[in-house]
Amino acid sequence: MPQLEWRAALGGVAVAFVTSLVVRTLLPPAPALAAAILGVGLGAFLAGKWAHSAGLYHGAVVGAGWILLEALGLVPTASYEAGAFIDTVQIIVLDGLTLLVASVGGWLARRGPSSSSGTGRAR
């Protein structure tokens with residue numbers, strides 16, 4: 001199991017948090033929800049870049065951190081339907097989508113070299 005670089009993961013969650021707050025003040029609810037999920041992807045991408053290895057892992061940690069903030073009520077979430085079954089399905093789908101976007105964001109960050117020239121490697 002890769003070692004978690006806490007600063008990278010916390011930085012990624014902070015970027016997602018700030019992005020969500022800014023977007024939710026500027027956009028109506030439906031586009032703001034989509035933009036918040038993309039903000040989580042951006043935070044995960046940055047966490048993957050800041051970490052020296054295991055971008056996918058760090059991206060998933062950012063996604064899990066975001067879901068924890070939602071559960072604690074520290075970030076605004078989507079309004080749900082009145083029925084318990086529909087609420088449960090919506091929560092599962094949105095949290096799964098958040099984890100998927102965050103994991104892909106972290107994975108994309110570690111895919112290639114940090115610079116376009118690839119200098120600084122194998123020294």
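Among contacts (heavy atoms within 4.5 Å) between residues at least 6 apart in sequence, 76% join residues at least 24 apart. The model is predicted: local features need pLDDT of at least 70, side-chain atom pairs count only at pLDDT 80 or more, and totals for chains, interfaces and linings use all residues. Residues are numbered from 1 along each chain as its sequence is written, and side-chain values use heavy atoms, leaving out hydrogens and water.

**Exercise 1.** Check the span of helix α3 (residues 55-72).

*Solution.* Take 1.5 Å times one less than the number of residues. After α3 comes G73, with a positive phi near 80°.

**Exercise 2.** Is L97 buried, partly exposed or exposed?

*Solution.* Buried means under 20% relative accessible area, exposed over 50%, partly exposed in between (1.4 Å probe, protein chains only). L97 has 37%, so L97 is partly exposed. L97 sits in helix α4.

**Exercise 3.** Which residues of α3 are buried?

*Solution.* They are G55, H58, G59, V62, G63, G65, W66, I67 and L69. Across the 123 residues of the chain, 34% count as buried.

Technical notes. Helix = DSSP H or I, 4+ residues; strand = E, 2+ residues; numbered from the N terminus.
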